[in-house]
Amino acid sequence: RCYILSNENGKIQLSLRQSRLNPKSNSKVKDVEITCIKDVKKGQLVRGYVKSITPSGVFFGLSTSLLGRILFQNVSPYFVQKHSLYEKYLPEGKLLTAKVLGVNGKEKHIELSLLPEDTGMPSVLPESLGLPRYDAEEEKREADETEKREELKLKTKRRRGNSERTRKIHWDHAEELYRVGKKDYIALEQNQKIRNYSIWGVKPKKRKICPADENDSGIEVYYREEEDDDQEEEAAKKKSKIRKPGEAPRLQVSMGFTWDEDINAVDIPVLNQKEESSESEEDEDPQSKLKKQTKKEKELEKQKKEKELCKLEAALMDPSRQPQSADDFDRLVLSSPNSSILWLQYMAFHLQATEIEKARAVAERALKTICFREEQEKLNVWVALLNLENMYGTEETLMKVFERAVQYNEPLKVFQHLCDIYANSEKYKQAEELYHTMLKRFRQEKSVWLKYASFLLKQGQTEATHRLLERALKALPTKEHVDVISRFAQLEFRFGDPEHAKALFESTLNSYPKRTDIWSIYMDIMIKHGSQKEVRDIFERVIHLSLAPKKMKFFFKRYLDYEKKFGTTESVLAVKRAALEYVETKSSLADT
């Protein structure tokens with residue numbers, strides 16, 4: 001049942017919307033119909049179908065006359081270089097939910113987004129592909145920019161520190177000359193050169209150290225010297241304030257120069273500076289080694305990741321590989337969506353992990369995904385869902401699924417499958433009740449009577465089976481009686497009373513002696529379950545019937561094969577003589 005929208009130029013447009021088919025119903029419309037661009041608003045969640053994929057983005061059909069565009073950056077949070085990947089995961093006609101980002105009424109442009117943070121749905125591209133994210137690249141750029149800014153700040157601080165340091169060098173040098181004298185000038189000059197090297201970030205030619213490490217050592221020395229100078233200035237101020245009575249005021253130097261220091265006080269900072277510079281130089285080497293090691297480690301990590309990706313790709317390409325995760329099953333069902341076996345394996349995967357709700361969701365997804373023409377595949381999923389509800393659900397949930405299955409499939413098949421489910425799970429009372437409803441609803445179906453007879457015989461209810469045969473012969477048409485009796489007799493041989501089965505066959509063959517199909521079935525069953533004498537009696541009765549030559553040839557051949565397998569040479573010759581006699585009598589009749 002459908003609603004005709006238009007009929008123009010031999011083309012008929014149809015609609016399956018429930019709001020059109022049943023306009024009086026008050027049920028809520030899930031997808032509001034979009035007829036023009038005015039029906040679309042910014043921030044709205046809409047559902048539509050993928051129309052096409054072009055270099056400019058994905059075109060999304062909201063209705064028969066309205067299209068929207070999704071830029072690739074709004075399709076997925078992952079960065080994709082090859083657009084062919086979108087064609088694989090976004091096939092034409094796929095139903096998706098999108099968010100409206102913007103509407104241009106003049107140009108009739110609609111910008112949409114499929115990102116999970118906009119729609120609340122999972123990403124169209126699975127995370128298992130290992131694609132880089134857009135936000136990860138932006139974070140890298142921001143980190144690089146902050147590193148550059150910090151380096152510039154450090155450089156400016158170093159330049160300022162160097163300019164202030166040069167002033168203090170001259171005064172310190174003059175103070176050392178005044179205290180020590182001209183004899184020690186050469187030794188102090190050598191010490192001062194080392195200080196100048198460490199301050200300016202330059203090392204003697206004999207030693208080779210990275211420039212970045214040199215700058216770091218210079219900064220450390222500057223800060224230590226500055227702290228020492230500050231302490232000296234504070235001590236000088238305190239001493240200048242505390243004067244002895246009758247003592248003349250001493251000469252004061254503008255840059256913190258004091259007369260109270262000893263030679264030891266001058267030598268100590270110089271030695272400390274030497275030790276600090278040497279320690280900083282020694283510390284620079286392991287730092288540079290660490291930096292080199294980190295680069296190597298990064299390269300090794302990249303190589304490991306590449307190898308792992310190659311292994312994953314090779315494993316995914318292997319056709320004999322068994323799926324081991326939900327992503328693997330998603331990939332398989334995308335490649336062959338109409339295969340019920342894959343969907344059932346997906347359900348079993350979740351049931352092994354006791355994820356019953358996920359297994360139900362997979363079954364519902366399979367019923368929506370499998371094409372409506374694949375009736376048997378859909379029925380397989382329905383049966384699996386019935387089994388799931390029977391094992392893990394309640395009677396109410398089972399009945400709800402059963403009613404839906406009857407609505408969407410052939411009712412008789414669904415009834416029969418549920419009876420089998422009840423019987424296999426030893427719920428015999430529910431099975432018997434369901435068989436009674438089937439006999440009322442499907443009286444003219446021969447398979448229902450036979451299935452119920454098999455169920456009763458397995459339960460050991462032979463008398464009930466005999467009564468059921470009488471009811472079946474009354475309900476079914478006469479042309480089906482012979483076949484039903486023979487089938488009941490076969491079931492008796494397998495699960496019930498063999499003597500009663502023989503009696504059924506004998507009575508049927510007495511009434512219909514020319515039914516060769518019944519004779520053949522009777523022979524097969526007696527060969528399996530009867531004695532050799534009984535089998536030979538049946539063969540002797542058949543070869544003396546007045547049947548067509550072609551059918552007689554078939555029975556003679558079967559008789560001869562049986563005697564070759566189980567008889568003696570004499571019995572084989574006896575069968576051959578009987579066949580010759582039959583041929584001679586037929587030829588004499590033909591001559592006359």
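Predicted model: local features only at pLDDT ≥ 70, side-chain atom pairs only at ≥ 80, totals over all residues.
## Aromatic cluster, core and salt bridges

Tyr 428, Tyr 435, Tyr 452 and Phe 455 come together as one aromatic cluster. The structure contains 17 aromatic pairs. One of them joins Phe 329 and Phe 349 in a tilted arrangement, with 5.3 Å from centre to centre and 45 degrees between the planes. Phe 329 belongs to helix α8 (residues 326–335) and Phe 349 to helix α9 (residues 340–352), so this pair connects distant parts of the chain, 20 residues apart. Phe 329 counts as buried because its relative accessibility is 4%, whereas Phe 349 has a relative accessible area of 25% and is partly exposed.

Another aromatic pair, Phe 402 with Phe 415, is edge-to-face, at 5.0 Å centre to centre and 85 degrees between the planes. Here too the pair links distant parts of the chain: Phe 402 sits in helix α12 (residues 395–408) and Phe 415 in helix α13 (residues 411–424), 13 residues apart. Both Phe 402 and Phe 415 are buried.

### The chain as a whole

The protein chain has 22 helices and seven strands. Of its 592 residues, 32% are buried. Among contacts with a separation of 6 or more, 52% are between residues 24 or more positions apart.

In soluble globular proteins, nonpolar side chains tend to be buried together. The largest nonpolar core in this model has 84 residues, and the members that touch the most others are Phe 402, Met 438 and Leu 468. A second, separate core has 25 residues, including Val 40, Val 46, Val 58 and Tyr 78.

Which residues does Met 438 touch, leaving aside those up to four places away in sequence? They are Leu 412, Phe 415, Gln 416, Cys 419, Arg 443 and Val 448.

### Helix α13

Leu 412, Phe 415, Gln 416 and Cys 419 are among the buried residues of α13, together with Val 414, Leu 418, Ile 421 and Tyr 422. An α-helix has 3.6 residues a turn, so residues three or four places apart point the same way. The buried residues of α13 pack against α11 (375–392), α12, α14 (428–441) and α15 (446–458).

The length of α13 can be checked against its residue count. With 14 residues and 1.5 Å a residue, α13 should span 20 Å, and its end C-alpha atoms are 20 Å apart, so the two values agree. Just after α13, Glu 426 adopts a positive phi of about 60 degrees.

### Salt bridges

The count of salt bridges comes to 17. The table lists three of them.

| Salt bridge | Closest N and O atoms |
|---|---|
| Glu 534 with Lys 502 | 3.1 Å |
| Arg 515 with Asp 517 | 3.0 Å |
| Arg 536 with Glu 563 | 2.7 Å |

Glu 534 forms its salt bridge with Lys 502. This pair links distant parts of the chain, with Glu 534 in helix α20 (residues 532–543) and Lys 502 in helix α18 (residues 498–511), 32 residues apart. Is Lys 502 buried or exposed? Lys 502 has 17% relative accessibility and therefore counts as buried, since the cut-off for buried is under 20% relative accessible area. Glu 534, at a relative accessible area of 30%, is partly exposed.

Arg 536 forms its salt bridge with Glu 563. Because Arg 536 lies in helix α20 and Glu 563 in helix α21 (residues 549–566), the pair ties together parts that are 27 residues apart in sequence. Arg 536 is partly exposed, with a relative accessible area of 23%, while Glu 563 has a relative accessible area of 1% and is buried.

In the salt bridge between Arg 515 and Asp 517, Arg 515 is partly exposed at a relative accessible area of 30%. Asp 517 is partly exposed as well, with a relative accessible area of 36%.

Technical notes: Residues numbered from 1 in each chain as written. Heavy atoms only, no water. Helix = DSSP H or I, 4+ residues; strand = E, 2+ residues; numbered from the N terminus. Buried < 20%, exposed > 50% of the residue type's maximum accessible area, 1.4 Å probe, protein only. Contact = heavy atoms within 4.5 Å. Core = buried A, V, L, I, M, F, W, Y, C linked by side-chain atoms within 4.5 Å. Salt bridge = Lys/Arg side-chain N within 4 Å of Asp/Glu carboxyl O. Phe/Tyr/Trp six-rings, centres within 6.5 Å; stacked < 30°, edge-to-face > 60°. Expected span 1.5 Å × (residues − 1).
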